[in-house]
Amino acid sequence: FDLTSYSASHPGGRLTIMRNAGQDGTKPFDEENHSQEAVLKLPKFYIGDLAEEKVSAVAKAEAQAKKDAEEKAKVEEKARAEAQADKARRDEEQRRAQQQQEALAAKQRQEAEAQAARQRQQLEEAARQQEAARQQKAARQEALRQEAARHEAARQQEAARLEAARQESARQEAARQQLLMKQQQEAQVRLQQQM
């Protein structure tokens with residue numbers, strides 16, 4: 001069949017016919033389940049039968065082409081499988097690397113938090129020690145003040161005692177002087193009476 005003149009108006013497009021150009025198109029034609037109308041059009045395109053040798057060569061070529069296509073499909077499928085496996089391997093490596101990075105980051109974060117906690121404890125301990133030292137200093141100063149107050153009270157008591165003793169001595173001296181004057185006056189009176 002020479003379908004050159006019909007290829008442009010073929011409902012399935014020109015390439016559908018051109019794919020089978022130069023070879024036996026019986027099988028492809030039958031596989032498409034063409035309508036009765038299409039079958040009735042065939043006689044006007046008929047130009048003769050293919051020679052047996054031609055048919056055999058075409059069959060071999062078809063078989064080889066099919067085999068090549070299958071081999072190509074196998075190679076492509078293998079390549080796709082290898083590519084998928086390689087991608088899965090890379091994804092797994094990337095996932096593990098990310099997990100390791102996350103674990104390392106978590107460990108570093110924990111260490112940083114622990115370090116910060118230790119620093120806070122050190123600062124709190126230093127503050128407690130400073131407060132204890134301040135309280136001890138204040139207690140020593142208060143003890144010194146109280147001791148100074150006791151000394152001052154004792155000094156004032158001693159001064160008051162001395163002042164009281166001085167006043168008592170002065171009072172006794174005054175009384176002695178008065179007694180002495182009285183005795184002298186009495187002696188003069190007696191002396192005058194004797195004269």
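**Note on a predicted helical model**

1. E163 and R166 both belong to helix α4, where they stand 3 residues apart, about one turn of the helix. Their side chains meet in a salt bridge with an N to O distance of 2.4 Å. The term salt bridge is used here for a side-chain nitrogen of Lys or Arg within 4 Å of a carboxyl oxygen of Asp or Glu. E163 is partly exposed, with a relative accessible area of 31%, and R166 also counts as partly exposed, at 48%. For these labels, buried means under 20% relative accessible area, exposed means over 50%, and partly exposed lies in between (1.4 Å probe, protein chains only).

2. Residues are numbered from 1 along each chain as its sequence is written, and side-chain values use heavy atoms, with hydrogens and water left out.

3. Salt bridges that share partners join D86, R89 and R90 into one network. R89 pairs with D86, their closest N and O atoms being 2.6 Å apart, and D86 also forms a salt bridge with R90 (2.0 Å, N to O). R89 and D86 lie 3 residues apart in helix α4, which covers residues 52-194; D86 and R90 lie 4 residues apart in helix α4, about one turn of the helix. D86 counts as partly exposed at 26% relative accessibility. R89 is partly exposed at 44%, and R90 is partly exposed at 44%. In general, side chains of opposite charge can pair when their charged atoms come close.

4. How many salt bridges does the rule give? The count comes to 15. The protein has 35 positive and 34 negative side chains, and the centres of the two sets lie 13 Å apart. In this tally Lys and Arg are positive and Asp and Glu negative, with His and the chain ends not counted; each charge is placed at NZ of Lys, CZ of Arg, CG of Asp or CD of Glu.

5. The protein has 4 helices and 0 strands, in the order α-α-α-α along the sequence. Why is the protein described as more spread out than a compact globule? Its radius of gyration is 68 Å, well over the 16 Å that the globule rule gives for 195 residues, so the protein is more spread out than such a globule. The radius is taken over C-alpha atoms, and the rule is 2.2 Å times the number of residues to the power 0.38. Helices (H or I, at least four residues) and strands (E, at least two) are DSSP runs, numbered from the N terminus.

6. Along its principal axes the C-alpha trace spans about 215 × 30 × 20 Å. Of the 195 residues, 4% count as buried. The accessible surface is about 17,100 Å², with 52% belonging to carbon and sulfur atoms; the areas come from the Shrake-Rupley method with a 1.4 Å probe.

7. H10 is found in the segment before α1 (14-18). Is H10 buried or exposed? At 17% relative accessibility, H10 counts as buried. Leaving out residues up to four places away in sequence, H10 touches T16, I17 and H34, where contact means heavy atoms within 4.5 Å.

Methods
This is a predicted model: local features need pLDDT of at least 70, side-chain atom pairs count only at pLDDT 80 or more; totals for chains, interfaces and linings use all residues.
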